[in-house]
Amino acid sequence: MKLYIVMILLAVSAVSCAQETPKVKHVSKMKPRADMKGVKVVNADDPVCHMKTAEFLKDTAVYKAKIYGFCSDHCKSEFKKSPAKYARNEK
């Protein structure tokens, strides 16, 4: 009987974990809009998902005369919704 209950609990927990959605929706085949090699940004990491922007810089946004780099359109969109929230973590 105990083994049966344990098996049910394991099955329920496995199903509930499988239904979690990721917080950041990255597009792996996304190409930069322009040549981003020479762009200087104030952040080493994407302020939304914390990926290294030096390796995956796809887009930028200007906030308070500073250029912020992003790894995806999704992260840029999230930043634009509440830039003060993300910019306060930058120096």
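1. Terms and basis. A residue is called buried when its relative accessible area is under 20%, exposed when it is over 50%, and partly exposed in between (1.4 Å probe, protein chains only). By that rule, 25% of the 91 residues of the protein are buried. The model is predicted: local features need pLDDT of at least 70, side-chain atom pairs count only at pLDDT 80 or more, and totals for chains, interfaces and linings use all residues. Numbering starts from 1 along each chain as its sequence is written, and side-chain values use heavy atoms, with hydrogens and water left out.

2. Overall layout. The protein has four helices and two strands. Both kinds of element are DSSP runs numbered from the N terminus: helices are H or I with at least four residues, strands are E with at least two. Along the sequence the pattern reads α-α-β-β-α-α. A contact means heavy atoms within 4.5 Å. Of the contacts with a separation of 6 or more, 45% come from residues 24 or more positions apart.

3. Surface. The protein exposes about 7100 Å², and carbon and sulfur atoms supply 60% of that. Areas come from the Shrake-Rupley method with a 1.4 Å probe; for residues, only the protein chains shown count as cover. Met1, Tyr4, Ile5, Ile8 and Leu9 make up a nonpolar surface patch with about 600 Å² of accessible area together. Patches take residues with over 30% relative accessible area and no salt bridge; like charges are joined within 9 Å, and nonpolar side chains (Val, Leu, Ile, Met, Phe, Trp, Tyr) within 5 Å. Tyr4 sits in helix H1 (residues 2-18). Tyr4 counts as exposed because its relative accessibility is 58%.

4. Helix H3. Which residues of H3 (residues 73-81) are buried? They are Cys75, Lys76 and Phe79. These residues lie on the same side of H3, because they cover an arc of only 100° around the axis. The arc is taken from the directions from the helix axis to the C-beta atoms. Lys80 and Lys81, on the other side of H3, are exposed. The cover over the buried residues includes strand E1 (59-63), strand E2 (66-70) and helix H4 (83-87).

5. Tyr63. This residue lies in strand E1. Leaving out residues up to four places away in sequence, Tyr63 touches Tyr68, Phe79, Pro83, Ala84 and Ala87. Tyr63 and Phe79 are 16 residues apart along the chain, with 9.8 Å between their C-alpha atoms.

6. Salt bridges. A salt bridge needs a side-chain nitrogen of Lys or Arg within 4 Å of a carboxyl oxygen of Asp or Glu. The count is three. Lys76 and Asp59 form one of them, at 3.4 Å from N to O. Lys76 lies in helix H3 and Asp59 in strand E1, so this pair ties together parts 17 residues apart in sequence. Both Lys76 and Asp59 are buried. Glu78 and Lys81 pair at 2.9 Å, N to O. Both are in helix H3, three residues apart, about one turn of the helix. Glu78 is partly exposed at 22% relative accessibility, whereas Lys81 is exposed at 63%.

7. Lys52 forms a salt bridge with Asp45, with the closest N and O atoms 3.3 Å apart. Lys52 is partly exposed at 44%, as is Asp45 at 26%. Asn43 lies in the loop between H1 and helix H2 (53-56). Is Asn43 buried or exposed? Asn43 is buried, because its relative accessibility is 2%. The Asn43 side chain reaches the backbone oxygen of Asp45 at 2.8 Å.

Note on methods:
Polar contact = N/O pair within 3.5 Å; in protein donor to acceptor, adjacent residues only side chain to side chain.
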